[in-house]
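Student: Please take me through this structure feature by feature, giving the general idea before the case at hand.

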Amino acid sequence: MRFSAYTFTPSISPAAVETLKKQLFKIDNKMVEANDLKRFDENNLLIIGTVQDVFEHFEDQKYYISDVLVGELSKSKKHEFPFSNESRQLISQCLSDHILTYISLDFELLNDVSRKAALLGAQSIREFDEKVTVVISTTTVSLIVYNSWDRSIPVVSPDWILRSFNQLKPQNLTQFYLQPFAGCIFTSSDMHPTTSKALAEKIIRYGGSFHQDLTSDTNFVITSNLSKSKKNLIALSLAIPLVKPEWVEESIANHGVHPRKYTLNWFCMDDNNETLFSSFTFGCSPNVENQEILFECITANSGVIINDFSSSCSLSSSFSSSPDYFIAEHGIDESLIPRNSIAVTDHWILRCVEEKRLLGINDSVIFQPRNLPLKNENQNESSDEYERMENVIISLFNISEKNRTMYADIVRDMGWQPVFSLSKHSKYIIAEKTDSRMYNHVNTYKIPAVKPSFLIDTVLKGKIVDHNKYLLEIKVESLDQVYNTILNSAGTTPTHHPNSPPLEMEDLEKFTQGPNLSQISQDQKIDVSYDTTTTMQLSLDNNAIDPLITAMLS
């Protein structure tokens, strides 16, 4: 854009005026200084002022540029003034290469940042598109942010604009990258306490916050499985993303990663259906809970729901044709299941969606409706074993990740409460293996520790089986105690923390043998034999008094 004349604000010193005149002549030698402002239309008059002058006249109808910009233009040998239709004021061209969009800025901050960006030559647009070069945000909870990460578009805090404005030169974008979890509120569901704590620490370190409870402000629930925990079901109903722990790690490693492929209920983020159930129809018993959640899982994977309970017809006549799969509750009368339909539970639907593949109905004991020992209208509530088991706590401890969620859902289906730690309030401890912590807990609180087959057989037999037939064999009194006894007798401070994993046999072997056993003469070597269920037998080949034996016997 060109002008006929120019003038200076009173803030420009006389010495600076002479320098600016020379610079303006290099830009456009046809412009003249306006001695009589009335002679010139405001569209043909350029006003040169200080940075503060231009800032104060933002959105004025007159054209203002700063003395800084005059210097920039004279060095670049440009012969026009780079005004756009958006603004008639410019302080610098240092951000003229950028197209910006803004997310989650409050009105006051947005007004300040967008004004300063415009005065530095940046263009701002409302909608995110392929032209955007930088996203300005205070949070990463946004599909725009995720899409920006996918396209390697920088997502930075508003401080990038503010600092660039203060310095009147573009700042290094990498120094203002938004932390991957900025503004994000997390909780976890069905995670081992140790794992959950470690993830929480990382989330907080990288800009997020972590709460134990799920609230309306929660942005993400971290979970490994689509189990039927209360948090998971609430998150599914409220369209809160259920993300795998891997997303946290990947986002930290790559400064932000789109969560979709790590989200178990990805359909809360977009409408692009998957094809998992594309060839199948589904019916559902009216007594199944959380039907809206299940139907959304099915339709998001291209399945078809053919339920029709609009009339008072019986369940068996509710279908014009039998659906491929029929979702039923535990304890359903088999005569109510449509002929030629495969009866499945809600667990089967959720796990298929989680693993993105069709699972066999025999892959888990809870994929088919069973006659569980549930409290229902047909059961004598006062005399049944269930009455003594109702609402009790079941500890799931030392369970592999593969099985932990399945056992937890079995426990929930029977109306019990699973916890993933040892509790003195537990009715039973379900474990695949024992350790010193369990040994101490069982002996202290006299809680039965049983094998997972106790749960499986309870499901298969439809009654609570005798737990005494499933008791775990607690083999070893804590090897930690032996280890610490030896070190204490030797005057050494134990280094094994009581909350760390128990010592394995090889650890004790390394300790008794020492780092350089081969250097000990043959007649001095200690012959150690182990019987982990009883005691440790030690003997010395010669008659020397061994400090290890002394420590063990003291």
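Tutor: Let us begin with contact, which here means heavy atoms within 4.5 Å, and with helices (H or I, at least four residues) and strands (E, at least two), which are DSSP runs numbered from the N terminus. The model is predicted, so local features need pLDDT of at least 70 and side-chain atom pairs count only at pLDDT 80 or more, whereas totals for chains, interfaces and linings use all residues. Residues are numbered from 1 along each chain as its sequence is written, and side-chain values use heavy atoms, with hydrogens and water left out.

Student: What covers the buried residues of H13?

Tutor: Buried means under 20% relative accessible area, exposed over 50% and partly exposed in between, with a 1.4 Å probe and protein chains only. The cover of the buried residues of H13 includes H11, strand S18 (393-397), strand S19 (417-419) and helix H15 (453-461). H13 is mostly covered, in that 10 of its 13 residues are buried, and among these are Asn-403, Arg-404, Tyr-407, Asp-409 and Asp-413.

Student: How many Å does helix H13 reach from its first C-alpha to its last?

Tutor: The expected span of a helix is 1.5 Å times one less than its number of residues. Helix H13 (residues 401-413), with 13 residues, reaches 19 Å from its first C-alpha to its last, which is close to the 18 Å expected. After H13 comes Gly-415, whose phi is positive, near 85 degrees.

Student: Which residues touch the most other members of the largest nonpolar core?

Tutor: A nonpolar core is a set of buried Ala, Val, Leu, Ile, Met, Phe, Trp, Tyr and Cys residues joined through side-chain atoms within 4.5 Å. The largest such core has 31 residues, of which Phe-277, Ile-327, Trp-348 and Ile-349 touch the most other members. Two or more residues come from each of helix H8 (230-238), strand S14 (281-284), helix H10 (291-299), strand S16 (325-327) and helix H11 (346-355), and the largest share, five residues, is from H11. With domain bounds taken from an automatic or database domain assignment, this core draws at least three residues from each of domain 3 (185-256) and domain 4 (273-311 + 321-371).

Student: How many aromatic pairs does the structure hold?

Tutor: A pair of aromatic rings is described by the distance of the centres and the angle of the planes. Rings of Phe, Tyr and Trp (its six-membered ring) pair if their centres lie within 6.5 Å, and planes under 30 degrees apart count as stacked, over 60 as edge-to-face and the rest as tilted. The structure holds 20 such pairs. In one of them, the rings of Phe-55 and Phe-165 have centres 5.8 Å apart and planes at 55 degrees, so the pair is tilted. Because Phe-55 lies in helix H2 (residues 51-56) and Phe-165 in helix H6 (residues 159-167), the pair ties together parts that are 110 residues apart in sequence. Both Phe-55 and Phe-165 are buried.

Student: Which residue lies over the face of Phe-55?

Tutor: A charge sits over a ring if NZ of Lys or CZ of Arg is within 6 Å of the ring centre and within 35 degrees of the ring normal. Arg-115 lies over the face of Phe-55, at 5.3 Å from the ring centre, and Arg-404 lies over the face of Phe-420, at 4.5 Å from the ring centre.

Student: Is Asp-190, with its positive phi, buried or exposed?

Tutor: Asp-190, which is not a glycine, has a positive phi of about 55 degrees and lies in the loop between S10 and H7; at 10% relative accessibility, Asp-190 counts as buried. Lys-446, likewise not a glycine, has a positive phi of about 55 degrees and lies in the loop between helix H14 (436-445) and strand S21 (449-450), but at 65% relative accessibility Lys-446 counts as exposed.
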